[in-house]
Amino acid sequence: VDVFPTVFDDVPLAIVNDPSYLRYMAWVNAPESVKYKRSANPGKRTQRATGIFIIYKSSQNLLTQPLLTDIQQQERRIPLAPGYNSTCLLDRKGNCTPPVSIVGLFDGTLGSTYLNDSIQDFVYDPTFERVSDVIGMWRAAAPDLLDTLVGKDFNVTVPSVTILRSMWWFGYPIEGYADPDVESDQQIQTVNTWIADHMTDLVTSISVPHTRVLYMNEGMASRAVQNQVIYDLALAIGSLFFVWCFMWYQTRSLTITVVGIGGILMAFVVTNLFYRFVLGYQFFGIFHVLSVFIILGIGA
């Protein structure tokens with residue numbers, strides 16, 4: 001019997017019926033708006049498993065040559081990460097799919113997918129010298145794609161925007177699986193774990209002048225929560241040790257100290273046993289760990 005079924009890879013704060021949460025999920029899954037039928041025998045890493053989302057939030061207009069150049073230089077580092085080519089989402093030719101990024105609108109990586117040949121040459125501007133013309137053409141030719149990359153304050157006339165989003169996709173079925181539907185959760189977790197292990201330092205080092213860089217990936221988020229739990233547990237143990245020493249010093253009695261600390265610990269254990277077996281809840285998360293500080297404060 002799993003007495004304390006721990007779940008430390010997420011913080012249960014999402015209200016799934018809340019309009020704000022639903023808008024966020026719609027925005028995250030906007031690239032999936034085009035429906036398709038999966039082939040009977042999909043190739044290795046040809047289906048989307050998970051992705052890295054990077055948000056650029058600035059107090060200035062991001063659609064300027066200097067800032068777009070900085071974003072381009074930073075994003076070029078990501079596909080160079082060791083092992084990236086072994087985990088990325090593959091296209092029909094077996095190549096890594098390009099990131100869905102504002103930079104891709106200018107350097108030709110997205111043009112071949114969304115535009116016809118006559119327009120591709122017009123929008124090719126890797127040095128960002130014709131930002132207004134290129135953005136205007138994309139707005140007319142592929143407005144849905146452009147809307148997934150820019151914030152709601154986007155102005156096509158200037159053009160200007162203070163929020164941009166970039167996405168890198170990683171694929172499955174992974175090595176050892178022939179079908180993405182076989183143990184799909186395990187496959188996605190494997191990919192997310194690889195991302196957390198190998199991409200976190202690279203992504204967190206991205207820096208653009210006058211811009212706050214945010215990032216999101218399930219694996220990275222889970223790793224961050226787990227690290228926070230370990231840190232909080234260390235603080236709880238340190239707090240418990242301090243309370244032990246303080247009680248012993250004040251009472252001059254080891255017996256009273258042991259009984260007092262034992263009562264604090266038993267309150268935590270007995271309450272969670274009641275929660276688990278009497279009330280029937282099978283969830284032990286980060287908030288349960290944080291409750292140790294409350295118990296210590298009351299008990300001490």
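What follows is a chat about a predicted model of a protein chain.

Visitor: What is the mean pLDDT of the chain?
Guide: The mean pLDDT is 87, and 92% of the residues reach 70 or more. That score is the predictor's confidence in each residue, running from 0 to 100. This is a predicted model, so to speak of local features we need pLDDT of at least 70, side-chain atom pairs count only at pLDDT 80 or more, and totals for chains, interfaces and linings use all residues. Residues are numbered from 1 along each chain as its sequence is written, and side-chain values use heavy atoms, with hydrogens and water left out.

Visitor: Which elements have the lowest and the highest mean pLDDT?
Guide: Helix 12 (residues 286-299) has the lowest at 74, and helix 2 (residues 65-75) the highest at 97. Helices here are DSSP runs of H or I with at least four residues, strands are runs of E with at least two, and both are numbered from the N terminus.

Visitor: Let's go to helix 10 and helix 11. At what angle do they pack?
Guide: About 145°, with the axes of helix 10 (residues 218-251) and helix 11 lying 8 Å apart. The axes are lines fitted to C-alpha atoms over the stretch in contact, and angles run from 0 to 180 degrees between N-to-C directions.

Visitor: Is that crossing left-handed or right-handed?
Guide: The crossing of helix 10 and helix 11 is right-handed. A crossing is called left-handed if the near helix is turned anticlockwise from the far one by less than a right angle, and right-handed if clockwise.

Visitor: Which residues make the contact?
Guide: Helix 10 brings Leu240, Val243, Trp244, Met247, Trp248 and Thr251, while helix 11 brings Leu254, Ile256, Thr257, Val258, Gly260, Ile261 and Leu265. Contact means heavy atoms within 4.5 Å.

Visitor: How many of those are nonpolar, polar or charged?
Guide: Ten are nonpolar, three polar and none charged. In this scheme Ala, Val, Leu, Ile, Met, Phe, Trp, Tyr, Cys and Pro are nonpolar, Asp, Glu, Lys and Arg are charged, and the others, Gly among them, are polar.

Visitor: Where does asparagine 272 sit, then?
Guide: Asparagine 272 is in helix 11, which spans residues 254-278.

Visitor: Why does asparagine 272 count as buried?
Guide: Because its relative accessibility is 7%. The cut-offs are under 20% relative accessible area for buried and over 50% for exposed, with partly exposed in between (1.4 Å probe, protein chains only).

Visitor: What lies 2.7 Å from its side chain?
Guide: The backbone oxygen of phenylalanine 268 lies 2.7 Å from a polar atom of the asparagine 272 side chain. Leaving aside neighbours within four places in sequence, asparagine 272 is in contact with Phe4, Phe284 and His288.

Visitor: And isoleucine 264, buried or exposed?
Guide: Isoleucine 264 is buried, with a relative accessible area of 6%, and its place is in helix 11. Its C-alpha is 6.6 Å from that of leucine 296, which is 32 residues away along the chain.

Visitor: New topic: which peptide bonds are cis?
Guide: One runs from valine 158 to proline 159, with omega near -10°. Another joins tyrosine 172 and proline 173, where omega is about 10°. In general, most peptide bonds are trans.

Visitor: Where are those prolines?
Guide: Proline 159 is in the loop between helix 7 (143-149) and strand 2 (163-172). Proline 173 is in the loop between strand 2 and helix 8 (184-198). Tyrosine 172 itself has its place in strand 2 and is buried, with a relative accessible area of 7%.

Visitor: What about phi of phenylalanine 128?
Guide: Phi is near 60° there, a positive value in a residue other than glycine. Phenylalanine 128 is in the loop between helix 5 (117-123) and helix 6 (131-141), and at 2% relative accessibility it counts as buried.

Visitor: And histidine 210, what is its phi?
Guide: Histidine 210 has a positive phi of about 60° although it is not a glycine. Histidine 210 lies in the loop between helix 9 (200-204) and strand 3 (211-216), and is exposed, with a relative accessible area of 55%.

Conventions. A polar contact is a pair of N or O atoms within 3.5 Å; within protein, one must be able to donate a hydrogen and the other to accept it, and residues adjacent in sequence count only if both atoms are side-chain atoms.
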